[in-house]
Amino acid sequence: MQYLGLYNYWIAVILMMTGFYIVISSGNLIKKIIGLNIFQVSVFLFYISIGKITGGTAPIKTDAASIYSNPLPHVLILTAIVVGVATTALGLSLVVRIKEAYGTVEEDEIHSQDEAW
Amino acid sequence: MKDQIVLRVIAKLFIPFILLFALYVQFHGDYGPGGGFQAGVIFAAAFVLYTLIFGLEAAKKVAKPNLVQVLVAVGVLLYVGTGIMGILLGGNFLDYNVLDHHDPVHGQHLGILLIELGVGITVASVMITIFFSFAGRGQS
Amino acid sequence: MIHLLDIILLTFMVIIAFTVVRLDNLFAAIVLTGIYSLLSASVFTILDAVDVAFTEAAVGAGIATILMLGTLALTSAEEKVQQGKIIFPLMVVILTGAVLIYGTLDMPQYGDPKAHIHQHVAPRYIIESPEEIGVPNMVTSVLASYRGYDTLGEVTVIFTAGIGVVLLLGRSRRNKSKEKDER
């Protein structure tokens with residue numbers, strides 16, 4: 001029964017590893033960025049699970065509640081989400097330029113075009 | 001997609017409400033969930049919807065790209081300006097207590113309002129600019 | 001009841017993530033990523049993180065999906081079918097996952113109010129913030145006032161990303177014939 005308390009963290013680790021697997025094993029650049037997004041969301045899940053207090057409520061002060069969940073991880077993850085979308089946007093624009101320069105977004109074809117120079 | 005009458009009518013009905021909701025989220029970020037980032041993204045989503053239905057040319061007439069690019073910098077300047085105001089009035093950088101002589105808590109409110117406005121303006125303008133760049137690339 | 005909802009949503013997220021690994025069609029993968037972000041926003045609401053859920057739903061399921069679909073339209077790619085070489089990445093991933101799970105065995109129980117991270121800084125913010133700042137939303141007061149300097153860095157990151165995208169994609173494509181003339 002004690003290990004049921006760690007279910008959230010293990011799911012976060014499984015999702016992290018799935019995203020990691022997509023990044024390292026996929027040859028398509030867009031698929032890699034999708035894997036990176038999955039990885040990032042699983043990290044957010046991990047942090048927010050740490051901040052939850054049983055019986056607590058959202059950290060907005062009302063008269064009806066006395067226990068609030070920890071607001072500090074929420075602030076960190078807000079920043080992380082925004083930074084994540086910034087890097088995704090830049091990565092996707094680089095993919096568009098690579099496609100225009102090489103004609104493909106598959107990693108092995110790009111490498112073979114580079115070695116043929 | 002302009003000739004699809006259902007899409008056109010529904011988009012024209014929805015877009016004002018989306019913009020209004022974005023303003024609501026921006027200014028009620030103190031009392032409920034919300035704040036600058038969420039409001040900026042929702043504001044940009046209204047412009048994305050307009051672009052999808054009516055085309056990039058019409059959208060660029062509504063939100064002129066040069067103006068939007070200037071607004072990107074205006075938001076950051078507003079944020080840093082509030083911080084420098086704190087120095088000019090005698091406190092530290094980004095110290096909101098000194099923004100109001102009589103009541104520090106009121107000064108905090110004012111400071112938070114100003115910087116969330118700066119964040120909202122920058123995020124909305126950046127999202128619109130990024131979307132226009134992606135959408136405008138395919139046409140030679 | 002809440003725990004049951006939590007477990008069901010997390011299981012759906014794992015199923016979606018595994019499906020994205022196996023898909024070849026990039027359009028389906030992008031739509032599934034949008035659904036994944038939406039499910040994660042629901043899980044964040046169950047975990048009392050309403051501000052984070054709002055931002056993740058707007059940014060992850062909205063902007064990221066739109067940008068990926070735009071990239072797909074500009075590159076018009078289908079993923080090539082994988083040939084072999086999945087053993088080595090699988091071994092690396094399983095090894096890293098095992099080490100991480102071994103690391104989580106030391107962590108405090110999920111939801112424990114006596115865990116270390118709830119002891120020092122967080123109670124001070126929760127107790128003092130309504131009087132010092134006067135704003136009911138504690139996440140906004142920490143984000144904008146106590147940690148306002150970090151938020152300035154975040155706005156600068158968004159600004160830089162916007163400038164980067166304009167530099168990379170701002171001008172329309174030069175015609176191919178013009179480039180060949182210049183060579």
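Entry 1. I took the model as predicted, with local features needing pLDDT of at least 70, side-chain atom pairs counting only at pLDDT 80 or more, and totals for chains, interfaces and linings using all residues. I numbered residues from 1 along each chain as its sequence is written, with chains lettered from A and ligands numbered from 1 in the order in which they are written.

Entry 2. I found 14 of the 19 residues of H2(B) buried (20 or more other C-beta atoms within 10 Å of a residue's own, C-beta atoms being placed from the backbone). Just after H2(B), B:Gly55 has a positive phi of about 100°.

Entry 3. I looked up the contact of chains B and C (C-beta atoms, placed from the backbone, within 7 Å); 41 residues come from chain B and 38 residues from chain C. On the chain B side, helices H2 (36-54), H4 (65-88) and H5 (104-137) each give two or more residues. H5(B) gives the most, 19 residues.

Entry 4. I then turned to chains C and A, where 76 residues of chain C are in contact with 66 residues of chain A. H3(C) gives the most to the chain C side, with 15 residues.

Notes: Contact = placed C-beta atoms within 7 Å. Helix = DSSP H or I, 4+ residues; strand = E, 2+ residues; numbered from the N terminus. Buried ≥ 20, exposed ≤ 12 C-beta atoms within 10 Å, placed from the backbone.
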